[in-house]
Amino acid sequence: MILGKCPYCDGGSIEVRDKEVSGKKVKLYACSNANWKTEDGEMYELTEASTCDFKIWQNALARYGKWLSYKEVRELLEDESVEVELLSKKYGKKVYYNKHIILSPEYGVSVLWN
């Protein structure tokens, strides 16, 4: 499934890949020009043939109670910013709040905290 054009390289498209990390199935939204290899299923390295390293893990915001959907990644690729609902657990209470996320070359996505 193709979600959009790669924001960091020419000719690349963002596709959905199924990966398994620490025994859990996770989606990886990655550029078609990026390929990874792994020996232990934990650490992934780019192959020499890769010309782009863009990727967003579906669980990149899991610490905030958020897993990214196809729709949110599509919107992020088109608009470069998407509002999402995050979760904070303070003092035994669940607090939901909305924040914008943006594309990040280093981490895939970043939360705008201001």
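Reader: What makes β7, β8 and β9 an open sheet, and in which order do the strands stand?

Author: In this predicted model, the three strands have the order β7-β8-β9, and their pairing is antiparallel. The sheet is open because β7 (81–90) and β9 (108–112) stand at its edges, each with a single partner strand, so that one side of each has no neighbour in the sheet. On average, neighbouring strands here are turned by 45° against each other, direction ignored.

Reader: How do you know that β7 and β8 pair?

Author: Two strands count as paired if there are at least two bridges between them. Ten bridges join β7 to strand β8 (residues 93–104), in the antiparallel sense; therefore, against that cut-off, the two strands are a pair. One of the bridge partners in β8 is Asn-98, which pairs with Glu-85.

Reader: What pairs with strand β3, and over how many bridges?

Author: Strand β2 (residues 13–21) pairs with strand β3 (residues 24–31) in the antiparallel sense over eight bridges. Within this pair, Glu-20 stands opposite Lys-25. β3 is also joined to strand β6 (residues 55–57) by three bridges, and these two strands run antiparallel as well. The bridge partner of Leu-28 in β6 is Trp-57.

Reader: Which residues of α1 are buried, and why are they said to line one face of the helix?

Author: The buried residues of α1 are Glu-72, Val-73, Leu-76 and Leu-77. Seen down the axis of α1, these buried residues fall within an arc of 135°, so they line one face of the helix. An α-helix has 3.6 residues a turn, so residues three or four places apart point the same way. On the other side of α1, Lys-71, Glu-78 and Asp-79 are exposed.

Reader: Why is Glu-80 called exposed, and what is its phi?

Author: Glu-80 lies in the loop between α1 and β7. Its relative accessibility is 55%, and exposed means over 50%; Glu-80 therefore counts as exposed. The phi of Glu-80 is near 65°, a positive value in a residue other than glycine. Most residues other than glycine have a negative phi. Ser-22 also takes a positive phi, near 55°, in the hairpin of β2 and β3, which has two residues between the strands.

Reader: How do you know how many disulfides the structure holds?

Author: A search of the whole structure finds zero disulfides. For Cys-9, the nearest cysteine sulfur is that of Cys-31, 3.5 Å away, and Cys-9 is in no disulfide. The sulfur of Cys-52 is 3.8 Å from the closest cysteine sulfur, in Cys-6, which is too far for a bond. The cut-off is 2.5 Å, and neither distance falls within that limit, so neither pair is called a disulfide.

Reader: Why are Cys-9 and Cys-52 called buried?

Author: Buried means under 20% relative accessible area. Cys-9 has 17% and Cys-52 has 7%, so both are buried.

Reader: What makes up the largest nonpolar core?

Author: The largest nonpolar core has 27 residues. Those with the most contacts inside it are Tyr-29, Cys-31, Phe-54, Ile-56, Leu-61, Leu-68 and Ile-101. The elements that give two or more residues to this core are β2, β3, α1, β7, β8 and β9. Its largest share, four residues, comes from β3. Leaving aside neighbours within four places in sequence, Leu-61 is in contact with Lys-66, Leu-68, Leu-86, Ile-101, Val-109 and Val-111.

Reader: How many helices and strands does the protein chain have, and in what order do they run?

Author: The protein chain has one helix and nine strands. From the N terminus on, its elements run β-β-β-β-β-β-α-β-β-β. Of its 114 residues, 37% count as buried. Along the principal axes, the C-alpha trace spans about 50 × 35 × 25 Å. Among contacts between residues at least 6 apart in sequence, 32% join residues at least 24 apart.

How values were computed: Residues numbered from 1 in each chain as written. Predicted model: local features only at pLDDT ≥ 70, side-chain atom pairs only at ≥ 80, totals over all residues. Heavy atoms only, no water. Axes fitted to C-alpha atoms, helices over the stretch in contact; angles between N-to-C directions. Buried < 20%, exposed > 50% of the residue type's maximum accessible area, 1.4 Å probe, protein only. Arc of directions from axis to C-beta. Core = buried A, V, L, I, M, F, W, Y, C linked by side-chain atoms within 4.5 Å. Contact = heavy atoms within 4.5 Å.
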